[in-house]
Amino acid sequence: MKKFNIRKVLDGLKEVSSSTPSVQVGPQENHLIQETLQSEHFQLCKTVRHGFPYQPSSMAFDPVQKILAIGTQSGALRLFGRPGVECYCQHESGAAVIQLQFLINEGALVSALADDSVHLWNLRQKRPAILHSLKFNRERITFCHLPFQSKWLYIGTERGNIHIVNVESFMLSGYVIMWNKAIELSSKAHPGPVVHISDNPMDEGKLIIGFESGIVVLWDLKSKKADYRYTYDEAIHSVAWHHEGKQFICSHSDGTLTIWNIRGQGKPIQTITPHDPFIIFSGGLSYDTVGRRPCLTVMHGKSTAVLEMDYPIVDFLTLCETPYPNDFQEPYAVVVLLEKDLVVIDLAQNGYPIFENPYPLTIHESPVTCCEYFADCSVDLIPALYSVGSRQKRQGYSKKEWPISGGNWGQGIQSYPEIIITGHADGTVKFWDASAIMLQVLYKLKTAKIFDRNRSKEDKGSTEVSDEDPFAIQIMAWCPESRMLCVAGVSANVIIYRFSKLEVTTEVVQLLEVRMQYELNDIESPDGGGEQTSALPTPGASPQTSGPPSHPSTSSNNSDGGNIPCLKVRSTPLKQSPGYQVDLVVQLVWVSGEPPQQITSLAVNSSYGLVVFGNSNGLAVVDYIQKTVVLNLGTVELYGSNDPYQRQPRSPRKTRQPSGGLCDINEGSATSEDRCKSPTSAKMSRKLSLPTELKPDLVLLSVCPPRGANPLDHRDNSFSRSRSSSVTSIDKEAREAISSFHFCETFARKGDSTLTPCLYVGTSLGTVLVLALTLPPAGEQRQLQPVILSPAGMLVRLKGSILRMAFIDSTGSQLPSAYEPWYEPNVTADGEEREKVRKRRPVSVSPSTSQDLNESQYAVVCSEKQAKVIALPSQTCIYKHSITETSFILRADVVQMNQGMCVACFCANGHIMTLSVPGLRPLMDVNYLPLTDMRIARTFCFTNLGQAMYLCSPTEIQRITYSQDTCENLQEMLGELFTPVETPEAPNRGFFKGLFGGGAQSLDREELFGEVAAGRASRSLAQHMPGPGGIEGMKGAASGVVGDLARARIALDERGQKLGELEERTAAMMASADSFSKHAHEMMLKCKDKKWYQF
């Protein structure tokens, strides 16, 4: 039995009780690293939102500015100009946007919401803002119409009435069209809500009103009475005018279209006259038809084209060059807003091809399951990915330019490259260029193609483990310098990819099968030594590779009859295009009828040629150069003789109760209580959990059923939480998952004087363990001699699961992991030549022998609850900080800012925090966003230079910054939506039309609707609210987080800009006044002596 060490217990108690922020421990004078980061370097604000607007509900287009607006069911507004010019705004109420109307070429937009409010947006600023709002109290808004170049907005209501609003002042006119005046006096039934309002293109004084019941009324605004009424016995969905103003067309719920002459009110004319250029409609089948497919029909002359869509149609618009409704309407394109896509069809080309969409709207092609974000990466990465990705483009698009081309780009002040990688439920991995607040897809990798999709039915477990998404990506590890990529899937597989610019055909996909099983046998555990590093069976796990590594699964006939992988690697040759090509597949297999545990952590190091992954059973290290498993250890064996839990690796039945009691006392409140309060990273970290779109059952496979706790709770996507109080410590520790890894060259053991390549391992119980690596020499020997890993003991323990580890040197700079530069793997070059390229990054070694006086390195470790800084090689904790007591951290990253290093954390209670390194001083703490969705937890990531991102909806990426520099420069970086453009000239009326009065009739609306003629509307009908308007609209930049100083600065900037413009205008006016006075003086001198008859 182990000796009882009272000092350790006291140390443990001291550690538990000291939760005061930034406790400094140990002698400080040796650790004086100058910290350059201060709290004024930090400020949090949203930068830009990318992706398809989630749950779209309405759409509008400005044909002069060429800007598209899309409203959503959550009250969001997305504005799109030319590729790279997009903008996101949000209505505070969050009510659905039911209609949008541009004030064409005015830089303004009207939005009508489901909560019966109407808003006027100013688009002449980079962050659009609401100028006015009007909230209806007694009536529900159903339809709005704003005629071109008019300031009077018609609003139709559910009661069938029409109110009129002045868009300049947002005041209601006293002029109201009441439903009972509009319909026949003899009609007893209510006509239903207003579904359409529009004025006759040739006569602004005539308004067509469509009621849901099928009644259409032509209303004379001047005489305030109905001229004609048209009735049809099917409900109306929409109405459209012919540009000559003599006919209109209605669509009905039974799939029919009726065309009416305005003077023939009896019944519709069904004929389509030859000069009708286009009729475009969606649907065309009765609403009760079974199996309706979403489609758009384009009728042009005698031809009819039915275009089938992938998703239901929300709305569509035709794009015409002219903004005038009475001009000849020749649509050149139709924009179709689908539930999950935006399609623009070219109507000018035969076959109606679609335009290639330049916006990043395909983020959600398959649900996103995980993300990684890399800022300030190597400049050659984006061109390399783009060159292989450009070959994946589809053909057959329209040859014309994208028609939505308004706005101007901002100034690209941020010059560094940024890459976002998204992993998806169908096994695809997408690389995105995210530089300069834009987003563009670079390259798409399909990981599923290396597996057989038609798995045989007799495959054991194909029902339990198979899911709709067996290929879903769970974790990604990428080394940007060597371009090595590793992905771990939900089916307990790891795929290792190399990047190549050449096409290659792989005859056999190389496969390694690994058994990871947690067993506590009767055999005594060997003391941590060399034999654990070989591929011999050890008490905790037995690494087995199935025969020759290059051969597909052969181990299924093992004695236990259960060595079955969850997915079958394909056995036929695989053609691999330029880009990421599979190098090795590692597959965890079923053991003794038990499915493998999901992979919870993953890391790759290109310099050492190693990939390491862990789960709740232990970890495995794979040498991808030799294609072998170098180490396969249970978590318990990593501790060796230093196991803090006093676990005995013998049969649990013999010492069940005593060890349970011991352990519970030993753990104390440091872990067990916290573990009960907050989910581990297994539940919430983006690394460990499954997307909400996937079934949680995959994560919930129990580790060891004979001793297992209660069936795991489906609401908790965690495999380390649900234990009943009676479960013993052995059960608890059996579930100690590996939560993070870090490769580094450091001092492996206490008091070491030389640097050794090491692997740091963090567990879900807050322990950091060290494995020392012994690597064979580079060159030919690297292919032949084994890599040896030996456990070097425990470094430190923290509260909560370990999330992130990093190393800094004595100057406070981050020590990057060693890496190998990228080389082309498919060139059969001279081996020696290649080895010259494959070199490790040198790491500086402190010459000081007296380590007490000069620590050479510091390890920064962050868990779900706290952060610690440990001096190496003395292994003394010099700083610690309790980040949260009541909540837990979902994501933590050690990041490089312009001014220095910091730890950035995102907490489950919505706070985003940064801490200085190494002193762990709190620099920023902002209550940014309550965790409403597992998706945010799964996709949130920080990166260098103050950038961060997460998925704010299933289809959209929200990018934020926590850097003061970026917040200050954001105004310049954002694109401009409004650009001054001349409004096209009105169509020429022609000589005869002018002579005989056949042209368009204008109307003085002011005379009809103004306060003098119409009076004021009832005050109780609607409430006017002035919006935050111009400069205050900038608050949107940070959702109320930006400080008053920043707002004042923006205001001053804008004021300065306006004053500058005013100065220029004044100067121009003075110059023109000068020249005018000169000319006048000259004229006066000329004319002074002339008599009147000489003129």
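This is a predicted model: local features need pLDDT of at least 70, side-chain atom pairs count only at pLDDT 80 or more; totals for chains, interfaces and linings use all residues.
Colleague: Let us begin with the whole chain. How many helices and strands does the chain have?

Modeller: There are 16 helices and 58 strands. The chain has 1095 residues, and buried residues make up 57% of them.

Colleague: Which share of the contacts with a separation of 6 or more comes from residues 24 or more positions apart?

Modeller: That share is 61%.

Colleague: In which direction do E15 and strand E16 run, parallel or antiparallel?

Modeller: They run antiparallel, and 6 bridges join them. Strand E16 spans residues 203-211. The link between E15 and E16 is a hairpin of 2 residues.

Colleague: What about nonpolar side chains?

Modeller: In soluble globular proteins, nonpolar side chains tend to be buried together. Here, the largest nonpolar core holds 35 residues. Ile 419, Phe 431, Trp 478, Tyr 580 and Val 585 touch the most other members. Helix H3, residues 381-389, gives the most to this core, with 5 residues.

Colleague: Which residues is Tyr 580 in contact with, leaving aside its neighbours within four places in sequence?

Modeller: Among them are Leu 385, Phe 431, Tyr 443, Leu 445 and Trp 478. The list also includes Arg 483 and Arg 498. A second, separate core has 26 residues, including Ile 599, Val 604, Ile 625 and Tyr 819.

Colleague: Next, charges. How many salt bridges does the count come to?

Modeller: The count is 26. One of them joins the side chains of Lys 66 and Glu 321, at 3.6 Å from N to O. This pair links distant parts of the chain, 255 residues apart. Lys 66 sits in the loop between strands E3 and E4, and Glu 321 in the loop between strands E25 and E26.

Colleague: Is Lys 66 buried or exposed?

Modeller: Lys 66 counts as buried, because its relative accessibility is 18% and the cut-off for buried is under 20%. Glu 321 counts as exposed, at 53%.

Colleague: Where do Lys 575 and Glu 503 lie?

Modeller: Lys 575 is in strand E37, residues 574-576, and Glu 503 is in the loop between strands E34 and E35. Their side chains meet in a salt bridge of 3.8 Å, N to O. So the pair ties together parts that are 72 residues apart in sequence. Lys 575 is exposed at 53% relative accessibility, whereas Glu 503 is partly exposed at 48%.

Colleague: Which side chain does Lys 799 meet in a salt bridge?

Modeller: Lys 799 meets Glu 885, at 3.9 Å from N to O. This pair ties together parts that are 86 residues apart in sequence. Lys 799 counts as buried at 14% relative accessibility, and Glu 885 as partly exposed at 36%. Salt bridges can also share partners: Asp 203, Lys 206, Asp 220, Lys 225 and Asp 227 are joined into one network.

Colleague: What is the nearest side chain of opposite charge to Glu 824?

Modeller: Lys 501, at 6.6 Å. Glu 824 is buried yet has no salt bridge. Find Glu 824 in the loop between strand E47 and helix H9. Then look at backbone atoms. A polar atom of the Glu 824 side chain lies 2.8 Å from the backbone nitrogen of Lys 501. The Glu 824 side chain also reaches the backbone nitrogen of Asn 826, at 3.1 Å.

Colleague: One last residue. Where does Tyr 88 lie?

Modeller: Tyr 88 lies in strand E6, residues 86-90. Tyr 88 is buried, with a relative accessible area of 18%.

Colleague: Which side chains make polar contacts with the side chain of Tyr 88?

Modeller: The side chain of Arg 49 does, at 3.2 Å. So does that of Gln 90, at 3.0 Å. Leaving aside neighbours within four places in sequence, Tyr 88 is in contact with Arg 49, Ala 76, Leu 77, Arg 78 and Gln 958. As for Ile 70, its C-alpha is 9.8 Å from that of Tyr 88, and the two are 18 residues apart in sequence.

Terms used:
Residues are numbered from 1 along each chain as its sequence is written. Side-chain values use heavy atoms; hydrogens and water are left out. Two strands pair if DSSP finds at least two bridges between them. Helices (H or I, at least four residues) and strands (E, at least two) are DSSP runs, numbered from the N terminus. Buried means under 20% relative accessible area, exposed over 50%, partly exposed in between (1.4 Å probe, protein chains only). Lys and Arg count as positive and Asp and Glu as negative; His and the chain ends are not counted. A salt bridge is a side-chain nitrogen of Lys or Arg within 4 Å of a carboxyl oxygen of Asp or Glu. A polar contact is a pair of N or O atoms within 3.5 Å; within protein, one must be able to donate a hydrogen and the other to accept it, and residues adjacent in sequence count only if both atoms are side-chain atoms. A nonpolar core is a set of buried Ala, Val, Leu, Ile, Met, Phe, Trp, Tyr and Cys residues joined through side-chain atoms within 4.5 Å. Contact means heavy atoms within 4.5 Å.
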